[in-house]
Structures are given as C-alpha cells and as structure tokens.
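These are my notebook entries on one protein model. I record below what I looked up, entry by entry.

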Amino acid sequence: MKMTTMQSNYIHDDFLLTTALAKQLYHAYAADLPVIDYHNHLEAKEIWEDHCSENIAQCWLHNDHYLWRAMRSNGIDEHYITGNASDKEKFGKWCETAPYILGNPLYQWSHLELKRFFDCQLLLNPDNSDAIWAHCQSALATGKISSRQVLKQCRVTTLCTTDSPMSDLKYHQLIAASNFDVAVLPTFRADDLFAFSDIKSFHHTLNILEHLTSTDITSFDGYLTAIQKRMDAFHSVGCRLSDLGLTLVEFAPCSLEQAAALFAKVLQQQALNNNEAIKLKSFLFIELGKEYHVRGWAMQLHIGVLVNVNERRKQTLGGGTGFSVINDRLIAEHLTQLLSTLDANRQLPKTILYSVNPNHNALLSCIAGAFQDSDTTAGKIQFGAAWWFNDHKDGMEAQLTTLKNLGSMGRFIGMLTDSRNIFSMSRHEYFRRVLCNQLALWVDNGELPLDEALLKHTIENICYRNAQNYFNFPQSNFTGNAQ
C-alpha cells in the first residue's frame with residue numbers, strides 16, 4: 001500500500017466539531033478550561049523525576065495494551081509488540097497497523113498526540129514511519145516534552161494516580177513538598193485487600209501492611225486497624241478517592257463474628273470456599289465504605305471486566321497484556337445490596353459507578369438515581385465516564401445520552417484518561433470536543449434550548465467545576481505556564 005508523506009490537515013482547529021454552534025461552544029467555553037484528571041495509571045515517580053521518554057515507541061508501545069490488541073488484530077508478530085524487537089522496529093509495525101484501524105479511537109488519539117505535543121501532521125503509515133520517528137526524536141531530544149511539561153501544557157491542576165494500599169507514597173510526598181504547582185495525589189486502590197483466594201500473595205500483602213503500619217495482624221480487627229492507618233497516610237498526602245475493580249458483583253450478608261472467623265481461616269492459610277469468600281469480601285466492602293464516608297472520600301467501582309481470557313497468552317505474557325474482555329454477568333441485585341447496606345445508616349460515601357459493558361449504561365444511571373442524597377454533595381452517586389472499551393466518541397456520546405435521559409447531566413464530573421501514557425492528557429480535549437458537538441446537535445434538533453448562558457454553565461461544570469466541587473481536592477497553585 002503506497003502512502004503519502006505530505007502533511008495532512010486531519011487534526012485541525014475544528015476537529016470533531018461539525019456545526020457552527022459546536023465550534024463556538026468549544027472554542028469559547030471548553031478549550032481553555034483547566035483539567036482535573038481524577039483517574040489514571042501514571043506513576044508519581046516519573047512525575048517527580050520529570051521523565052522524558054527516549055523515543056515515541058517508549059511513549060506509546062511499552063505499556064499500552066490497547067495498542068497491543070490493535071497490532072495483534074493486524075497480524076503483527078508478538079516479537080514486535082511485547083517482544084525483544086527494537087523500539088524503532090516496534091514503531092514501524094505500529095505505523096503498518098495504523099491505516100487498518102482507520103476510525104478507531106487509537107487512530108484519532110495518536111494523531112492528536114502527534115499534533116499537540118510534537119507539532120507533527122504526518123499520517124501514521126509505513127511511508128511516513130521514518131520521518132515521524134526522526135521528527136519525534138528531535139523534539140524529545142530537547143528535553144522539553146517531559147511529564148511535568150505535558151501536565152502544564154494541558155492545564156492540569158490536579159492529577160490522581162492509582163496506588164496500592166502498600167505504596168509507601170514516597171514520591172507523592174516529595175512532589176507535595178516541592179514547588180511543582182500541579183497537585184499529584186494518590187488514589188487508594190483496594191483490590192489487593194480483597195485477594196483472599198491467593199493465599200501466598202495475600203500473606204505477602206499482610207507482611208507489607210504490618211511493616212508499613214507497625215501493626216500485628218493476628219485477627220480481623222488488626223487487619224482493619226492496619227487498613228485504617230494506611231487510609232490515614234493516604235489522606236495526609238491529599239488522597240480523596242478510593243477505587244475497586246469488581247470482576248464480579250457479589251453480595252452475601254455477613255456478621256462481624258463470621259468475618260472474624262473467616263479471616264482466621266485465611267491467617268491459618270486455609271482456603272475459603274466460594275460462599276465464604278463472598279461473605280468476607282462483602283463485609284470488608286461495607287467496612288471500607290464506612291471509612292471512605294468518614295473521610296469524605298469518593299468510592300470508585302470499576303465493574304465487569306472478564307480478565308485474561310486467553311489462558312495460553314496469559315501463561316506466555318502474563319496478566320494485563322491485552323486479553324481481557326467485556327463481561328455480561330448480571331450486576332443489579334448485588335450492587336444495590338452493597339450500596340443499600342451502607343446507605344441504611346447514612347454511611348454510603350460519594351460513589352462513581354463505571355461498567356465496561358455498555359449494556360449497563362441505563363442500569364447504572366438508574367442505580368445512581370436510587371441512592372442520591374444531599375448529605376454530602378449534589379450528584380453524590382455518579383454514573384461514571386465512558387470506560388475502556390467505551391472510551392471513544394460513540395461511547396462518550398452514549399454515556400452523555402444516558403445521563404441526559406436518566407440522570408442529571410449538568411452534575412456529571414467529567415472525563416478522565418485511565419491511561420499510563422502522559423500524552424493521554426489530550427483526551428480531555430477529545431472529550432470536550434465530543435461534548436460540545438453533542439450539545440450543539442441537541443440544540444440544533446430542538447432538544448435543548450439555544451441559551452448561551454445555560455450552555456456555557458453546563459460545559460464549564462462538566463469539564464472542570466463539578467469535579468473540583470465533588471472531590472474537595474486541596475487547592476493547587478496552577479498558573480498555566482510551563483516551567
């Protein structure tokens with residue numbers, strides 16, 4: 001396939017904006033707003049060190065299973081994906097793949113990142129591969145496209161990483177004590193605390209918890225005490241969110257006495273049966289939810305990923321390498337029981353519900369509506385942003401449409417990157433363009449009024465202010481100027 005090396009005008013000022021009103025709304029009200037990225041998988045260490053990648057492949061291809069899946073679909077050998085091929089060879093194979101994923105969000109995001117951070121308008125294809133590589137190498141060699149520079153360029157005020165309770169938070173503390181004026185805050189990702197089925201790994205977790213908290217974990221009470229100490233440590237460096245991945249949503253009533261007895265079995269390295277594990281996890285979920293509520297944290301629940309379905313590939317490459325899929329298990333009954341148990345005594349924290357299954361959009365929006373409460377903030381229970389397999393224009397439009405029809409779209413706390421790639425901060429621009437275009441289309445077809453003040457208010461709230469009010473983050477000293 002012969003490709004062109006001419007500059008393209010693919011990413012232009014009105015990218016994704018299809019009407020005059022959409023262009024007006026984006027450029028006047030959305031484009032220059034600050035950014036709160038409240039869920040991502042960036043490393044605080046790299047931000048502290050102001051990491052600058054050595055090449056464009058390191059930026060894109062070292063850790064991104066989205067790109068890996070796309071390359072596999074194009075028949076690229078694993079040697080050029082996660083194998084020992086050189087970075088330039090891997091990038092060349094990504095350029096081979098790009099023309100075949102035309103329209104995929106990866107195609108759009110990659111070109112948006114090339115334009116925003118490298119001022120490169122060449123299309124990704126084999127003929128342009130060497131030119132793009134050289135252009136990006138030259139730009140990276142200046143040292144000016146670093147983690148901190150990108151955050152500043154994208155007007156990020158607050159960024160929340162995703163951290164194990166066993167993290168020592170060293171780099172968050174260093175950043176907080178420095179003069180860097182973007183707040184880099186941890187998120188309490190609790191998955192490891194529920195991993196009772198892997199006895200060996202769980203006991204390793206207990207050993208770390210004991211060391212970090214100076215607590216002897218010889219009982220369930222000791223376990224809860226150690227967890228509370230870790231929450232206090234997270235809170236002290238600005239944490240205001242928790243997170244939990246729920247591959248399955250399960251619930252079974254469990255008393256404190258039952259939980260203590262089940263945990264004692266775990267301490268004795270005895271395996272729990274399925275029902276026992278559900279009981280202990282349910283009780284722990286409720287206890288953690290109470291602690292989040294006391295601290296004013298928001299609880300994120302990421303629901304419905306069926307992980308590592310290709311067993312051969314898992315054995316070869318390990319977990320989390322691009323072989324997880326959408327699960328279609330029922331979630332409503334058990335999810336509402338978990339939330340209702342916390343709500344019974346007004347201890348339900350602010351909660352953000354995400355599902356990787358788009359068939360759950362209306363369901364999650366309805367569940368959010370059933371547990372709204374003015375005890376903390378408006379929009380207390382959120383139907384969260386389009387996530388993972390839904391993180392594209394159509395998915396964002398579907399999520400916004402569900403909010404419009406079944407929720408309070410004007411209270412939506414907006415987009416996040418959910419990424420390990422610092423250049424993914426440009427996805428906030430992508431979302432804002434989709435949002436403004438969608439609002440304009442609804443106005444043009446008569447569903448929304450042509451009220452400029454109302455539209456301005458809605459856009460500014462969704463893109464920034466709602467998140468700032470919802471999370472009560474420590475104030476940053478954002479200036480908007482790269483240093």
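In which helix is the place of Ala233? I found Ala233 in helix α11, which covers residues 220–236. I note at the outset that the model is a predicted one.

**Entry 1**

I looked up the accessibility of Ala233 and read a relative accessible area of 23%. I then took the separation from Gly289, which is 56 residues away along the chain; the two C-alpha atoms are 17 Å apart.

Next I turned to the packing of α11 on helix α13 (residues 274–295). Their axes are 11 Å apart and the angle is about 35 degrees. I recorded the crossing as right-handed. On the α11 side, the residues that meet α13 are Phe220, Tyr223, Leu224, Ile227, Gln228, Met231, Asp232 and His235. On the α13 side, I listed Leu280, Phe283, Leu284, Glu287, Leu288, Glu291, Tyr292 and Arg295. Sorted by class, this contact holds 10 nonpolar, two polar and four charged residues.

**Entry 2: The five-strand sheet**

What is the order of the strands in the open sheet of five? I read β4-β5-β6-β9-β10, with parallel pairing. β4 and β10 (381–383) are the edge strands; each has a single partner strand, so one side of each has no neighbour in the sheet.

I followed the sheet from β4. Strand β4 (residues 188–189) pairs with β5 in the parallel sense over two bridges, and Arg189 stands opposite Asp243 of β5. Strand β5 spans residues 241–246, and five of its six residues are buried. I counted six bridges from β5 to β6 (residues 298–303), again parallel. Here Leu246 has Ile303 of β6 as its bridge partner.

β6 in turn pairs with β9 (residues 350–355) in the parallel sense, over six bridges. Ala298 has Lys350 of β9 as its bridge partner.

I then looked for helices on this sheet. Helix α19 (residues 452–471) packs on it and touches β5, β6, β9 and β10. The direction of α19 makes about 130 degrees with that of β9. Helix α15 (residues 332–343) lies across β6 and β9, and runs at about 170 degrees to β6.

**Entry 3: The three-strand sheet**

I examined an open sheet of three strands, in the order β1-β2-β3 with parallel pairing. The average twist from one strand to the next is 10 degrees. Three bridges join β1 to β2 (residues 156–160). I noted Thr158 in β2 as the bridge partner of Ile36.

**Entry 4: Helix α5 against helix α7**

At what angle do helix α5 (residues 87–97) and helix α7 (residues 129–141) pack? I read about 130 degrees, with the axes 10 Å apart. The two helices are therefore oblique to each other. The crossing of α5 and α7 is right-handed. From α5, the contact uses Asp87, Lys88, Phe91, Gly92 and Cys95; from α7, it uses Ser129, Asp130, Ile132 and Trp133. I classed these residues of α5 and α7 as four nonpolar, two polar and three charged.

**Entry 5: Helix α1 against helix α18**

I looked up a further helix pair, α1 (residues 20–30) and α18 (residues 427–444). Their axes come within 8 Å and cross at roughly 135 degrees, so the pair counts as oblique. The crossing of α1 and α18 is right-handed. α1 contributes Leu21, Ala22, Leu25, Tyr26 and Ala30. α18 contributes Glu429, Arg432, Arg433, Cys436, Asn437, Leu439, Ala440, Val443 and Asp444. The contact of α1 with α18 has nine nonpolar, one polar and four charged residues.

**Entry 6: Ser53**

Is Ser53 buried or exposed? I found 14% relative accessibility, so Ser53 counts as buried. Ser53 lies in the loop between α2 (44–48) and α3 (56–60). Leaving aside residues up to four places away in sequence, I found that Ser53 touches Gln58, Cys59 and Leu140.

Note on methods. Residues numbered from 1 in each chain as written. Predicted model: local features only at pLDDT ≥ 70, side-chain atom pairs only at ≥ 80, totals over all residues. Heavy atoms only, no water. Buried < 20%, exposed > 50% of the residue type's maximum accessible area, 1.4 Å probe, protein only. Helix = DSSP H or I, 4+ residues; strand = E, 2+ residues; numbered from the N terminus. Pairing = 2+ DSSP bridges. Contact = heavy atoms within 4.5 Å. Axes fitted to C-alpha atoms, helices over the stretch in contact; angles between N-to-C directions. Parallel < 35°, antiparallel > 145°, perpendicular 65-115°, else oblique. Left-handed = near helix turned anticlockwise from the far one by under 90°. Nonpolar A, V, L, I, M, F, W, Y, C, P; charged D, E, K, R; others polar.
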